[in-house]
Every structure is written in structure tokens, then in C-alpha cells.
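Dear colleague,

Please find below the structure that I am handing over to you. My notes on what was found in it follow directly after.

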There are 2 protein chains.
Amino acid sequence: MPRVAVDAMGGDFAPQAVVEGVLEALEAFSDLTILLVGQPEKIHPYLKRRRVKRLEIIEASQVVSMDEAPIGALRAKPDSSIRRAFDLVKNGEAEAVVSAGNSGAVVATGLFVLGRLSGVSRPAIATVLPTVKENAVLIDAGANVDCKPHHLLQFAFMGAVFAKEILSRTNPKVGLLSIGEEGGKGNTLVKRTHKLLSSSTLNYVGNIEGRDIYRGEVDVIVCDGFVGNVCLKLSEGLAEALMAMMLDEVRRKRSAQLGFALARKALMNFKRRIDWRERGGAPLLGVEGVVIIGHGRSDARAIRNAIRTARDFIQQEVVVRLKEALSELASPSGVAS
Amino acid sequence: MPRVAVDAMGGDFAPQAVVEGVLEALEAFSDLTILLVGQPEKIHPYLKRRRVKRLEIIEASQVVSMDEAPIGALRAKPDSSIRRAFDLVKNGEAEAVVSAGNSGAVVATGLFVLGRLSGVSRPAIATVLPTVKENAVLIDAGANVDCKPHHLLQFAFMGAVFAKEILSRTNPKVGLLSIGEEGGKGNTLVKRTHKLLSSSTLNYVGNIEGRDIYRGEVDVIVCDGFVGNVCLKLSEGLAEALMAMMLDEVRRKRSAQLGFALARKALMNFKRRIDWRERGGAPLLGVEGVVIIGHGRSDARAIRNAIRTARDFIQQEVVVRLKEALSELASPSGVAS
């Protein structure tokens, strides 16, 4: 019986979208219990009835706004919905947190309340990308803007567990994002990380370039959170720009409109697929518990999908698998150097 | 009378593509003189006749291969075509170098032979990107993988000169690539650079995100060479991947094929536009002379276009304009802090 704590107050359309998503998830997954955390008087109007099976409302008086400084929010709001949701996991009352709120605050609070897994210096956000072949996971998507080589090594191990357990890859191929395929290419961070990865037990295939991300040749793409975030947003923006460029063409050629409509559909579809947080939430890997970060723009369907991801993580025991992989990393055979 | 030194031996299709491109350029621009540098016995077969007006062949006995280590090549091959081409600029016999050869070797040799402009710590590669509105310039596209804030500040000044002189923008808007629009967002490098740019005399509009690159809201996009190169290659790869995804759709819907053909044309067109090195070469800014780096895959047309860019740079006196802008940077009013 998976138990998921959901932040009712997080996201641009909270609490309505969150409450509706929670109701959808409860209907879709009959084994699920949800602890919905927030201000009861704001939640109740969207519940439709007084009592819902397998749903508990947990009161939290404070709300962290979307643009609040994460550390400030953590200190100043001990009774925020984000904080209370993590407390539920800490106390064993829930196994996962789902929040579409201020993602910096979710990361900081998760780290503070749950703590890191042994062997993890920095938890990282994993995000699923569509490719020409199968989906791949990119890690870190934005939790850590300044990284050391051993952080990237840990991201690689965590990404490989994700690819195995959630994307069902056996022996996932791991690539390091750089600016040339040879091991000697890249910045200082990447060159040093390449050495660590080369002597690790992972199925490391070497450097990949930006153009390889969507080719689907690797299952796990490792990079720091600054580069990862730039890549994600660039991809979104490029899909939009291409749409605009194509629309520009179609105005001139009426005969082609059906095809263009389909092409646009393909682009929109890609854009939606790229934003994994809208589809199923992006997990924060490396903390003692399951944490799924939803997109700020999450609608009810996105919330439902993020809850589904949390349920998958609980059932696949991803945190246990992460611990196993990280202990391998810590052991002498994990990294030869 | 612009005089351009062209590396005959550089590029995947050298010397044939280079010689053909040179002949095209000489025909297109009647004010141009070209010094073609390389192994005469390899060049002559493609010249068709013994003497060509405004063309001189300059002998260089050595060739730097495309995958040779740049510094090693600089040391071991004092008579390479790249080295000889730069010597011609150094000695005042030519005003510009065009090479589609090993770009690391071109950067290293250019720096060594010509030296840096006063006020420039690191020359950078500028590249022109298509956007939904007008073209923009991204700097650095890959010359410097590890940067300091003052390097990025210099890139910004050089990019602004490029936008003014070559893209004809008055008071070009400069944006700093980061992962959030607020000045406090980004990695350490970007946060510090933001402060420098904020107190500079540039028309600095603040941080931009990956998704803004193709929106055309800024004329100059500043980033380190690692991030810049990842962005460029990601964009190329994404355009390819989207094409593959769309082709996948069209197989199912025959009625849409015309539209798809046009959509594919738009994507191919974008892909070609994105690779500025194929279109007109990417200038290396910050050295004492004009240096245009062509793409390794350059065909005759690409070589011709790179020569045209070199000619534009000479006629617009871009190096003089760069010196003026950089002296402004060095003066107390350039940066307030």
C-alpha cells in the first residue's frame, strides 16, 4: 500500500489542480493512499465531498511562494506544506513526497529533512528525454550548478539505477556530455570525470556530444546541473522556434497546410515529451526517500502522473537499489583509481 | 584590395574543395587577392590552368591533420599550411586567414603567431545563430572550455562589436546565458559575470535562459566555450532528431507528404543556418588579425563564403573596432566596479 504525501499548495494552479490530480490518482490506483498537505480551508472546496477514501488532509499553515529563496523559506516557514510533507516521510507516515512547488525549496527541504543517502554528496534531478530510439535519462537537470568530478560520478551511478528500474534497461549505457568524443576533450570538470567513469564498474561508453543527446545511443546522459538545465530549456525553446519558422512557411503555401498541421503536432508532442516534469515529475535522486518534483505549471493530469511516478518508485524500491549501487561505488571495486 | 591567406590543406575535402572555393571567391569578388597556402603539387591539379589572376600559391610543406593535438602540431610543424598562412598576416602580406582545418590548431597558431589584442585574455569564437526574429551571435562557441568572469566580459564586448559591424545592429542587446532570469541565478561563473556586465557600458539586458536563444530577444549571447559548443551541437542534433520523428509520422499518413516535405525543408534549412561555419565561417575574435574558421566538412561554397566573411571583416575594419571597444573596457568608465 504505497503512501504518498502530496504538497497541496505547490504550483501555479494550486490547490485546485493538485486536488483534482490527487482525486484522479486515487481513482486510477486502488492501492494508493494520499496524505494531502496544506491549508484545509483552501483544499476542501475542490474535494466535492466531505470524505474521500484513502485520502487524509494534513494541516500545514504556511505556503512557500514560487519565487521565494529556498534557504530562506526553509528557515522562515517551519510549518509550510513542503516541510510538513517531508516530515511525514521522515516519520514513516509516508514513503514519498510529490510537489509542484518552488523546486529549489523542495530540493533544500528534502535534503535538510531526509538527509542524503550514504555515498551521495549532492542529490541530483533526473529527467527523462525522448530520443529517436528509446527514452534516455539526463542527470543533473538543475539541482547542482557547480560540480566536482565525484559528484558527476555519483550522478552517473544514480542515473544508471533510474535507467534500470524505471526505464527497464539492462546494463544501461552511460555517456558523459562533452564537446568532443575523445576522452581528452572537454573542460576540466569533464576531463577529470571521464577518468573516474572510465575506471568505474558502470557501462560507460565515453564522451557524447550535444548532437548525440537525441540520437538514443546512450541511456544515461551525465552533466552538471547548469549545463543540463541549459540543454533542457534550449530544447524546449528550439522546438518552439522551429514551429514558428514552419508556420511562417505555411502561410505562403496553402496546399501544404495538412502536412504542416501534422508536423506541428509532432513538434508539440516532442515539446510535451521533453518536459518530463509535466509528464511524470522529475525525481530528486540521492535523498533518503522518494521525492518527485512536478512542474510549476502542472495541471491535474501532470499531478496525477507525478503521483504515479512516486508509486512506481515505491514499488520498484528505487531508493534501496540506489543504496546498493552507491555502496558499490564506495567499495574498492567500484572505482579502480 | 583585401588580401586573404587561405589554408589549402585544411578540411575533410581539402585541397579540392578549398581550391574550388577560392576560384569561386575570386570570380565573385573582383577586388580580392588570395594567397593559397599548401603543397603546390596537390593544389595545381584543381586549378585547371597554370596561372589565375589575383591568386598566388605559397608553399608550405607540412599538413596538420584534423585530429592532431593543437599544441603538438604548433611545435612539430613549423612549415604547416596553417602556420604559413598566419605568418603571411604577421608579415603584412595578407590581412586575414581562412582555414577549414583542425580548429584547435588554428586557434592555437593564431594566438601564437598574431598575439592577442590588448585587453583580451582569451580570444573566442563567435557564431551566428538564426532566431525567430533576426540572427544573433553566440560567443564563445568553443575556443575556451574553462573561463573566468572577466573572460566572459571580454567576450561580451567582442560579441557586441561583431553584432554592430557585421549584423548591423545599433546598440546591440547583450544577454548572459544562465538557468534563470534573475541575476542571482546560475553557477558561480555566471553570477560573477552578471555583476561585471551589469556595471559595464554594454546594453546588457541580463540573464537569458536556454529557451530564449532562438527567440531573438537579444543580439549577443554570452557563455563559456563548453556550454556554447554543447548548445550548438545540441541544436543541430535536435533538428535531426525532430526530422526523424516527423518522418516516422509521415509514413503512416500518406496524405500529408507534401506538407511534411516542406516541414522537412524548413528543418534542413534551419540546420544549415545553424551551422554558421558552413555558411560563412566563424570568426576567432581577439587576435591581432582577421581569422575565419571554416567547418571541417566545408565544400567549395562554404570556403567561398568564409572568404567573403574575411573580406567583410577587412572592409568593416572589425579588428580596429574591436580595439576601440576593448580600450573602452580597459578605461575606468568601461566597468564601474
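B:Asp31 lies in the loop between α1 (16-28) and β2 (33-38) of chain B; helices (H or I, at least four residues) and strands (E, at least two) are DSSP runs, numbered from the N terminus. The side chain of B:Asp31 makes a polar contact with the side chain of B:Gln315, at 3.1 Å. A polar contact here is a pair of N or O atoms within 3.5 Å; within protein, one must be able to donate a hydrogen and the other to accept it, and residues adjacent in sequence count only if both atoms are side-chain atoms. Leaving aside residues up to four places away in sequence, B:Asp31 touches B:Met1, B:Pro2, B:Arg54, B:Arg311 and B:Gln315, where contact means heavy atoms within 4.5 Å.

Please note that this is a predicted model, in which local features need pLDDT of at least 70 and side-chain atom pairs count only at pLDDT 80 or more, while totals for chains, interfaces and linings use all residues. Residues are numbered from 1 along each chain as its sequence is written, chains are lettered from A and ligands numbered from 1 in the order in which they are written, and side-chain values use heavy atoms, with hydrogens and water left out.

The peptide bond from A:Ala14 to A:Pro15 is cis, with omega near -5°, and A:Pro15 sits in the loop between β1 and α1 (16-28) of chain A. In chain B, the bond from B:Ala14 to B:Pro15 is likewise cis, with omega near -5°. A:Arg54, although not a glycine, has a positive phi of about 60°; this residue is in the loop between α2 (40-43) and β3 of chain A.

Turning to the interface, 48 residues from chain A and 48 residues from chain B take part in the contact. The two chains bury about 4400 Å² between them, 74% of it on carbon and sulfur atoms; buried area is the accessible area (1.4 Å probe) that two parts lose on being put together, summed over both. Between chain A and chain B there are six salt bridges, a salt bridge being a side-chain nitrogen of Lys or Arg within 4 Å of a carboxyl oxygen of Asp or Glu. B:Arg215 forms a salt bridge with A:Glu240, with the closest N and O atoms 3.1 Å apart. The elements giving two or more residues to the side of chain A that touches chain B are α7 (188-198), α8 (225-250) and α9 (257-274) of chain A. Of these, α8(A) gives the most, with 18 residues.

How are the two chains related? A rotation of 180° with 0.0 Å of shift along its axis superposes chain A on chain B, with RMSD 0.1 Å, by least squares on the C-alpha atoms of residues with pLDDT of at least 70 in both. That is the relation of a two-fold axis. Of the interface residues of chain A, 100% are also interface residues in chain B, so the copies meet through the same surface.

Over all chains, the structure holds 34 salt bridges. A:Arg3 forms a salt bridge with A:Glu56, the closest N and O atoms being 3.6 Å apart. This pair links distant parts of the chain, with A:Arg3 in strand β1 (residues 3-7) and A:Glu56 in strand β3 (residues 55-59) of chain A, 53 residues apart.

Yours sincerely
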